[in-house]
Amino acid sequence: MRLKYFLKTFGCQLNKSDSERVAALLENLGYKETIEMKNADLLVFNTCSVRQSAEDRIFGLRNKLALLKKRNPNLKIVLTGCMIHYGEETLKKRMSELDIVLNIKDLKKLPEFLGKKNKVKFSNYLSLEAKHTSTVSANIPISFGCNNICSYCIVPYSRKKEYSRPVGDIINEVRKLIKAGYKEIWLLGQNVNSYKAKFKNEIIDFAKLLRLINNIAGNFWIRFTSPHPSNFSDDLIKSMKECKKCAEYVNLPVQSGDNEILEKMKRGYKVEDYVQLIRKIRKNIPGIAISTDVIVGFPGESKKQFLNTVKLFKKIKFDMAYISEYSPRPKTAAFFMKDDVIKKEKEKRKKILESILRKTALWNNKKYLGVIEEVLVNGQNRKGLYEGRTRSYKHVLITERCKKNLIGKFVKVKITKAHDFGLEGILI
């Protein structure tokens, strides 16, 4: 009987991508996936440390894990991901049920820890072929870690210094995926647009990498996340404009609309720089959808400073925003600042921004009414209706039933309804 593994991923697309490689390795070792913790012989938790709430979800599993261990003394529990910044000793002290604390970079050591013989040879974990969870869209990490030391961010401590993957490895992986029928490629990195590597006696930056991938034969879209405003060069904008396979969507984290807070965050730009960058992107790439990341309640953020973020939201009119309440992260500079904005106030500020976002998102989406859009179908809802995304990453529900299998297909859809965070349409 094959041993079973349960794999739970917390956090961003990079973590999900890492988990796809963990799953591939485990299945090469003879394990079979289960969706029930109670049925597993091996539990793997790929953790996030960006916010306290993510860590609390892990530590909150202690009683359940203790019970599972009692029922099955042979159960092995592995923790990997961003929470390893605490160190093995600290983590095992707080969660005595853990058997293995594993740096994702050391994934090739996992077979030895489990007493298994590794049948697949790989130089580093990124060279291991992933078990992708989608048949339509694939995540490809192009860099690891971050050299920016934003005062609130744990990533430089959990993922360490930035490392750019070899160009050849990225190109080969994209080619394999396109050959296998994938239609959407996500290029991932903590600071994806600071990518830089040598290739054929030339330094390849992110703009050049986009061009190389765009030249690969096949019908597919290129997306990426997350870029840093300070590294968003004119050449990158030009590359996005010229590369026909590069989809018209970008997530550009701003984090705050107040210059004093941005300086305390050590973001390296001012609000005016960010606004000018958005204008330049929109001028060169008409119809591009822009989302952002924002933190409310950063230490010392006054109501007046928060209102500057409100003004920015109204000015930019984002298509989407990922709004987080500040939570202190150990080892970061902000951890030693007084967390003086009470939770109730943070929640209030988040709701204010969410209210503005709904209005601007709906305003943007109404522009699509009556327009015929190319949609990549990626699944069906519970009612059996197909759904997918436009090039601008708008979610589209196709409201008419279709007997054909459309998953993984590009289809033409006429938009008939606009909602704040989605569109509806009919096949053309």
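Let's start at Ile 372, which is partly exposed, with a relative accessible area of 48% (buried means under 20%, exposed over 50%, and partly exposed in between, with a 1.4 Å probe and protein chains only). The model you are looking at is predicted, so local features need pLDDT of at least 70 and side-chain atom pairs count only at pLDDT 80 or more, while totals for chains, interfaces and linings use all residues. Residues are numbered from 1 along each chain as its sequence is written, and side-chain values use heavy atoms, leaving out hydrogens and water.

Together with Ile 426 and Ile 428, Ile 372 makes a nonpolar surface patch of about 280 Å². Patch residues have over 30% relative accessible area and no salt bridge, with like charges joined within 9 Å and nonpolar side chains (Val, Leu, Ile, Met, Phe, Trp, Tyr) within 5 Å. A salt bridge, in turn, is a side-chain nitrogen of Lys or Arg within 4 Å of a carboxyl oxygen of Asp or Glu. The areas come from the Shrake-Rupley method with a 1.4 Å probe, and for residues only the protein chains shown count as cover.

Now follow the chain from this residue. Ile 372 belongs to strand S16, residues 372-380 (strands, E, of at least two residues, and helices, H or I, of at least four, are DSSP runs numbered from the N terminus). S16 is part of a closed barrel of 5 strands, in the order S16-S17-S18-S20-S19, with mixed pairing. From one strand to the next, the twist averages 50°. Two strands pair if DSSP finds at least two bridges between them. Strands S17 (residues 386-390) and S18 (residues 395-398) pair in the antiparallel sense over 3 bridges, and Gly 388 stands opposite Val 396 in S18.

Next, look for helix H13 (residues 343-365), which lies across strands S19 (410-419) and S20 (422-427) and runs at about 130° to S19. Such angles run from 0 to 180 degrees between N-to-C directions, with axes fitted to C-alpha atoms, for helices over the stretch in contact (heavy atoms within 4.5 Å).

Finally, visit some loops. Between helix H6 (155-158) and strand S8 (163-164) you will find Lys 160, whose phi is near 70°, a positive value in a residue other than glycine. Lys 160 is partly exposed, at 47% relative accessible area. Lys 200 sits in the loop between strands S10 (196-199) and S11 (202-205); its phi is also positive, about 55°, and it is exposed, at 71%.
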